[in-house]
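Hello,

Here is the structure I promised to pass on to you. Have a look through it first, and then read my notes below.

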Amino acid sequence: MLDAVVVGAGPNGLTAAVELARRGFSVAVFEAKDTVGGGARTAELTLPGFRHDPCSAAHPLGVNSPAFKAMPLDRYGLEWLHAELPMAHPFLDGSAAVLSRSVAETAASFGPRDAGPYRRLVRPFLPKWDTLARDFMSLPLSALPRDPVTLARFGLVGLPPSTWLMRRFKDERVKALFAGLVAHVIAPLGGLATGAVGLVFALAAHAAGWPVARGGSQAISDALTAYLKDLGGTVHTDYEVKRLDDLPPARAYVFDTSPTALARIAGFGRFYESYRYGASVFKLDYALDGPVPWTAEEARSAGTVQVGASKAEIGAALDAASRLGRAPDAPFLITVQPSVVDPGRAPEGKHVFWAYGHVPNGWTGDLTDAVERQLERFAPGFRDRVLARATAGPPELAAHNANYVGGDIACGAASGLQLLLRPKLSLHPYHTQHPAVFICSSATPPGPGVHGMSGHNAAKAVWRRLRQEP
């Protein structure tokens with residue numbers, strides 16, 4: 001009998017398996033797709049030689065992940081590549097605000113009125129970032145805080161809505177940039193703890209950047225898989241699990257799946273019926289004949305580029321997708337240009353480009369024209385660079401990854417209490433109604449992102465139970 005079986009070979013499932021195998025438990029992973037990866041895969045979606053990331057592309061939480069830092073993933077081929085700027089947020093006048101590794105450079109891009117308030121905002125947390133990140137990403141308490149005072153201070157700043165945090169700033173530039181940071185978790189700007197979302201992304205940029213993985217996000221999943229196999233774990237692909245009886249006998253079962261899928265497979269009935277899925281995205285992957293012709297010079301050297309003219313425009317786009325049930329007229333876009341720093345992702349002189357805008361859950365329309373109109377506002381001539389495009393709306397995203405219910409790439413709405421307490425209101429979110437069944441997907445804290453911390457935290461719950469058994 002195995003000690004643990006993991007269902008789903010996304011970053012969280014693989015991390016949970018590694019953590020258990022490192023502690024001497026026998027582990028097997030079962031994945032429905034023919035490759036590992038979940039939200040961290042790479043494929044030629046457009047033309048031969050153009051390697052795209054179907055899901056996540058830039059990894060501010062990955063490079064800052066306490067779980068990944070504790071593993072020798074570099075020995076298995078994972079290399080983080082950093083663009084000159086982690087992120088840029090261009091404006092219609094050709095200027096841009098930026099997130100730089102340098103706090104001073106970042107503050108200067110916000111203008112003289114907001115440079116001082118921004119430095120005062122990040123100053124208490126940045127020197128203690130490693131400990132804060134570990135404490136924050138271990139909530140609820142899967143480990144005792146190493147620095148409870150700093151964590152509490154962070155909570156006082158971050159628990160209120162992001163709109164409260166933005167009141168300390170005067171200029172539209174910094175407000176638009178922060179609104180864009182909150183939008184990464186598809187949360188309305190006025191939601192609980194959205195201030196923490198924006199602040200975490202900003203601190204992550206200063207601490208360790210927003211890198212891409214050389215060769216694509218698949219490198220993260222492949223490194224985790226290779227490490228797991230060296231530890232004695234096994235991975236089985238093309239193995240769809242429809243019920244627990246499809247799996248070999250084990251002392252514990254760990255699911256890197258949506259709560260909906262877990263309830264169906266384990267026969268939990270309506271156990272997760274109160275769990276909410278959020279808005280989706282419409283994603284485009286481009287093969288380009290050259291770099292994106294951004295008007296703002298800073299955007300040309302950034303790994304990630306946020307595209308939204310103002311805080312109001314970004315807020316309206318989020319509200320349209322998440323509250324009003326319609327696609328926004330001017331979508332806020334999160335874009336990544338991996339080949340700026342990893343030219344091997346495309347043929348010589350060519351580029352890959354990744355972009356998405358927000359749409360309602362399950363939306364079946366086509367946002368391509370609206371996305372490209374928005375890009376043309378900030379990068380005139382963009383359409384002339386397009387060699388090919390691959391589009392994926394909510395149905396295609398859900399077909400690609402079953403955890404994206406209705407196309408929700410966060411595996412559950414990251415708003416209200418569900419941003420912090422997911423998938424149920426519980427101090428033991430990785431446990432289920434069955435003592436041998438656990439959940440470790442992005443539906444558990446700390447939530448969405450390629451960081452493995454949900455898997456890391458769930459593995460702690462699993463090994464504590466296994467050690468209690470006679």
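**Two helices side by side**

Helix α9 (residues 172-183) packs against helix α14 (residues 311-324), with 8 Å between their axes and an angle of about 20 degrees. Because angles under 35 degrees count as roughly parallel, α9 is roughly parallel to α14. On the α9 side the contact is made by Glu172, Lys175, Ala176, Ala179, Gly180 and Ala183, and on the α14 side by Lys311, Ile314 and Leu318. Five of these contact residues are nonpolar, one is polar and three are charged. Please keep in mind that this is a predicted model.

**An enclosed strand**

Next, have a look at strand β4 (residues 85-90). Six of its six residues are buried, so β4 is largely enclosed by the rest of the structure. Strand β10 (residues 302-307) runs parallel to β4 and is joined to it by three bridges, with Ala88 opposite Val305 of β10. Strand β5 (residues 96-99) pairs with β4 in the antiparallel sense over four bridges, and here His89 stands opposite Ala97. β4 and β5 form a hairpin with five residues between them, and Gly94 in the turn has a positive phi of about 90 degrees.

**A buried cysteine**

Finally, find Cys55 in the loop between β2 (27-30) and α2 (60-63). Its relative accessibility is 8%, so Cys55 counts as buried. Leaving aside residues up to four places away in sequence, Cys55 touches Gly38, Gly39, Lys283, Trp354, His400 and Tyr404. Ser100 is 45 residues from Cys55 in sequence, and their C-alpha atoms are 24 Å apart.

Definitions and conventions:
Residues numbered from 1 in each chain as written. Predicted model: local features only at pLDDT ≥ 70, side-chain atom pairs only at ≥ 80, totals over all residues. Heavy atoms only, no water. Buried < 20%, exposed > 50% of the residue type's maximum accessible area, 1.4 Å probe, protein only. Contact = heavy atoms within 4.5 Å. Axes fitted to C-alpha atoms, helices over the stretch in contact; angles between N-to-C directions. Parallel < 35°, antiparallel > 145°, perpendicular 65-115°, else oblique. Nonpolar A, V, L, I, M, F, W, Y, C, P; charged D, E, K, R; others polar. Pairing = 2+ DSSP bridges.
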